[in-house]
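Reader: Could you walk me through how to read a helical model like this one? I'd like the general idea each time, then the case at hand.

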Amino acid sequence: MNKEKDKDGEGAKRYSYLRRLKNRLEFKISTEASSLSKEKEMIREISSINQELTALSASVRMDRKLGLVKGDIVECKAKLAELEPKIVEIDSKLDLMYTDLRKKLGITKRVQPEHKPHQREREDRPRQQPRNEEINLEDIAVIKKKDSK
């Protein structure tokens with residue numbers, strides 16, 4: 001079923017109705033004594049219900065999962081909102097501890113010179129190419145040559 005048609009949960013209602021109907025028919029077949037033709041008719045009806053159930057089951061399951069995921073998202077957002085002030089508080093305490101430690105160790109912050117936005121900072125020296133750290137087996141192994149006679 002399309003989402004547009006299933007706005008009021010008709011798919012879920014239809015699915016549960018078909019499951020109950022199928023269970024009733026199966027119970028009737030197993031408990032009531034009826035003619036062979038009537039039992040065959042009920043079996044055909046059950047098979048058509050099974051086809052409808054398989055068609056509806058995917059959308060019903062996805063809707064159920066979607067609802068559960070939305071609930072989890074709301075729950076996680078609530079936990080995050082609860083934990084955020086604690087994190088900010090701990091972060092500020094850590095900042096104070098770091099500044100205190102820097103003062104005790106005599107570490108001062110470097111003051112960077114102001115940059116003009118239109119100029120780029122360039123290095124005076126050219127960049128070095130990264131070294132090629134490959135090792136060949138020839139460098140490791142000792143190759144024995146056979147004497148040709």
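This is a predicted model: local features need pLDDT of at least 70, side-chain atom pairs count only at pLDDT 80 or more; totals for chains, interfaces and linings use all residues.

Reader: What pattern does the protein chain follow along the sequence?

Author: It reads α-α-α, with 3 helices and 0 strands. Those are DSSP runs numbered from the N terminus (helices: H or I, at least four residues; strands: E, at least two).

Reader: And how much of the chain is buried?

Author: Buried residues account for 9% of the 149 in the protein chain; the cut-offs are under 20% relative accessible area for buried, over 50% for exposed, and partly exposed in between (1.4 Å probe, protein chains only). The accessible surface is about 15100 Å², and carbon and sulfur atoms hold 53% of that. Areas here come from the Shrake-Rupley method with a 1.4 Å probe, and for residues only the protein chains shown count as cover.

Reader: How do I describe two packed helices?

Author: You give the angle between their axes and the distance between the axes. Here, α1 (residues 10-31) packs on α2 (residues 36-105) at about 155°, with the axes 9 Å apart. That makes α1 roughly antiparallel to α2. On this scale, under 35 degrees is roughly parallel, over 145 roughly antiparallel, 65 to 115 roughly perpendicular, and the rest oblique. Axes are lines fitted to C-alpha atoms, for helices over the stretch in contact, and angles run from 0 to 180 degrees between N-to-C directions.

Reader: Which residues of α1 and α2 meet?

Author: Among them are Leu18, Leu25 and Ile29 in α1, and Met42, Ile46 and Leu53 in α2. The residues of this contact (heavy atoms within 4.5 Å) divide into 13 nonpolar, 3 polar and 8 charged. Ala, Val, Leu, Ile, Met, Phe, Trp, Tyr, Cys and Pro count as nonpolar, Asp, Glu, Lys and Arg as charged, and the others, Gly among them, as polar.

Reader: Is methionine 42 buried or exposed?

Author: Buried, at 7% relative accessible area. Beyond neighbours within four places in sequence, methionine 42 touches Leu25, Lys28, Ile29 and Ser34. Its C-alpha is 8.9 Å from that of lysine 28, 14 residues away along the chain.

Reader: Where is glutamate 32 found?

Author: In the loop between α1 and α2. Glutamate 32 has 41% relative accessibility, so it counts as partly exposed. Not counting residues up to four places away, glutamate 32 touches Phe27 and Glu39.

Methods. Residues are numbered from 1 along each chain as its sequence is written. Side-chain values use heavy atoms; hydrogens and water are left out.
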